[in-house]
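Visitor: I would like to go through this protein with you, one point after another. Could we begin with a term that we will need on the way?

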Amino acid sequence: MRSARDRWDITTSVGATALFVAAARGLAARQEHPLAVDPFAEVFCRAAGGDWAQLFDADPEQTRDHPLRSTDFGLQFQDFQAARTRYFDHYFHAAAQAGVRQIVLLAAGLDARAYRLDWPAGTVIHELDRKPVLEFKRSVLTAHGDTPRAERREVAVDLREDWWTPLRANGFEPSDASAWIAEGLLIYLTPDAQDDLFARIDTQSAAGSRLGVEEMKPIPAADYAEMTAPTDVTATTERNADWATLIYNEPRNEAVQWFADRGWTGQATSLSEYLTSLGRPARPASSDTGHLRPELISLTTVVKPG
Ligand SMILES: C[S@@+](CC[C@H](N)C(=O)[O-])C[C@H]1O[C@@H](n2cnc3c(N)ncnc32)[C@H](O)[C@@H]1O
């Protein structure tokens with residue numbers, strides 16, 4: 001269960017979710033026709049060691065019971081992560097084309113876009129996350145011999161507390177247009193903390209700024225209760241319970257409406273529709289797909305008019 005002042009590193013609690021999605025990206029990149037390729041994802045998993053590394057280095061037969069390899073949940077989750085990577089890569093490409101040079105990765109986790117994408121000269125990327133997560137990322141990629149392709153600045157914060165003062169102290173300039181991202185973050189915040197985050201993004205954004213955000217509607221109450229119930233534990237329920245206890249499964253404001261009320265414009269694309277448009281339609285939910293509900297998830301872009 002969560003609390004307002006809980007803490008983590010890269011292998012515990014909310015921190016481990018960064019490794020989990022990175023592992024999914026790494027596996028997705030090895031598919032025959034990948035929707036997105038993040039070559040750094042497996043570098044992080046190898047550095048984390050144990051089961052994370054085994055996913056990439058062991059004989060696939062040895063890891064066939066890993067949730068990320070299961071034909072229902074695992075393959076679908078890989079597609080989900082690759083699709084969202086692709087959506088937000090395009091989002092940043094469009095922002096760069098529009099002349100935005102100030103990037104803010106909220107809950108950067110193991111997002112390696114600073115190292116992976118082609119950024120125009122003069123781009124500054126502020127990465128916000130908990131200190132141990134940022135340190136893990138930097139130390140792993142430095143040891144691997146990688147360097148960022150834009151100016152990368154770390155801002156070690158808790159996004160439930162004052163993060164905008166450290167961001168400003170780090171050189172963020174609110175009078176310049178910026179491109180923000182909240183990918184894989186909102187469900188780990190209470191609805192009130194999400195509203196505070198949105199309000200700060202709004203006040204720190206000059207005209208021409210934009211925000212890319214992944215959103216998830218609450219899992220239906222009966223399903224969520226089942227996922228978190230301390231019952232006899234199969235591999236599937238254990239996996240779902242671990243994750244389900246980390247999220248705030250509560251109704252919350254939707255970004256398009258929240259920002260429209262403050263003069264922004266934008267659009268949400270359902271993950272199901274997006275997967276279909278990419279030729280990878282989501283499978284119908286089954287007992288094993290568990291919490292993975294593409295129909296509850298949206299990929300959203302909002303822009304503050306210039
Ligand atoms: C599922 S990962 C997503 C990471 C990255 N955005 C991606 O999509 O690969 C969730 C990340 O949110 C970060 N996070 C969650 N709540 C946070 C908070 N209150 N303050 C700072 N970081 C937070 C975690 O540390 C973790 O890196």
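Guide: Residues are called buried when their relative accessible area is under 20%, exposed when it is over 50%, and partly exposed in between. With that scale in hand, we can look at what is a predicted model.

Visitor: On that scale, is Arg46 buried, exposed or partly exposed?

Guide: The relative accessible area of Arg46 is 34%.

Visitor: Which residue meets the side chain of Arg46 in a salt bridge, and in which helix do the two lie?

Guide: The side chain of Arg46 pairs with that of Glu42, with a distance of 3.1 Å from N to O. The two residues are 4 positions apart, about one turn of the helix, and both belong to residues 41–48. The partner is therefore Glu42, and the helix that holds both residues is α2.

Visitor: Stepping back to the whole chain, how many helices and strands does the protein have?

Guide: The secondary structure of the protein comes to 12 helices and 7 strands.

Visitor: Why can the protein be called as compact as a globular protein of its length?

Guide: For 306 residues the globule rule gives 19 Å, and the protein is as compact as a globular protein of that length because its own value is close to this figure. Along the principal axes, the C-alpha trace spans about 55 × 45 × 40 Å. The value that settles the question is the radius of gyration, 19 Å.

Visitor: What share of the residues counts as buried, and what share of the contacts with a separation of 6 or more joins residues 24 or more positions apart?

Guide: The buried share is taken over the 306 residues of the protein, and it comes to 54%. Among contacts with a separation of 6 or more, those between residues 24 or more positions apart account for 77%.

Visitor: How many salt bridges are there in the whole structure, and which residue does Arg7 pair with?

Guide: In general, side chains of opposite charge can pair when their charged atoms come close. A search of the whole structure finds 30 salt bridges, and in one of them Arg7 meets its partner at 2.9 Å, N to O. This pair links distant parts of the chain, 151 residues apart, with Arg7 in the segment before α1 and its partner in the loop between β3 and α7. That partner is Asp158.

Visitor: Which residue forms a salt bridge with Glu214, and how far apart in sequence are the parts that the pair ties together?

Guide: The closest N and O atoms of the pair are 2.8 Å apart, and both residues are buried. They also belong to a network of salt bridges that includes Arg25, Asp38 and Asp89. The partner of Glu214 is Arg84; because Glu214 lies in strand β5 and Arg84 in helix α4, the pair ties together parts that are 130 residues apart in sequence.

Visitor: What is the phi of Ser13 near, and where does this residue lie?

Guide: Most residues other than glycine have a negative phi. Ser13 has a positive value, and this partly exposed residue, with a relative accessible area of 30%, lies in helix α1. Its phi is near 45°.

Visitor: Where is Ala107, and what is its phi near?

Guide: Ala107 is found in the loop between β1 and α5. Here too phi is positive in a residue other than glycine, near 55°.

Technical notes
Residues are numbered from 1 along each chain as its sequence is written. This is a predicted model: local features need pLDDT of at least 70, side-chain atom pairs count only at pLDDT 80 or more; totals for chains, interfaces and linings use all residues. Side-chain values use heavy atoms; hydrogens and water are left out. The radius of gyration is taken over C-alpha atoms; the globule rule is 2.2 Å times the number of residues to the power 0.38. Buried means under 20% relative accessible area, exposed over 50%, partly exposed in between (1.4 Å probe, protein chains only). Contact means heavy atoms within 4.5 Å. A salt bridge is a side-chain nitrogen of Lys or Arg within 4 Å of a carboxyl oxygen of Asp or Glu.
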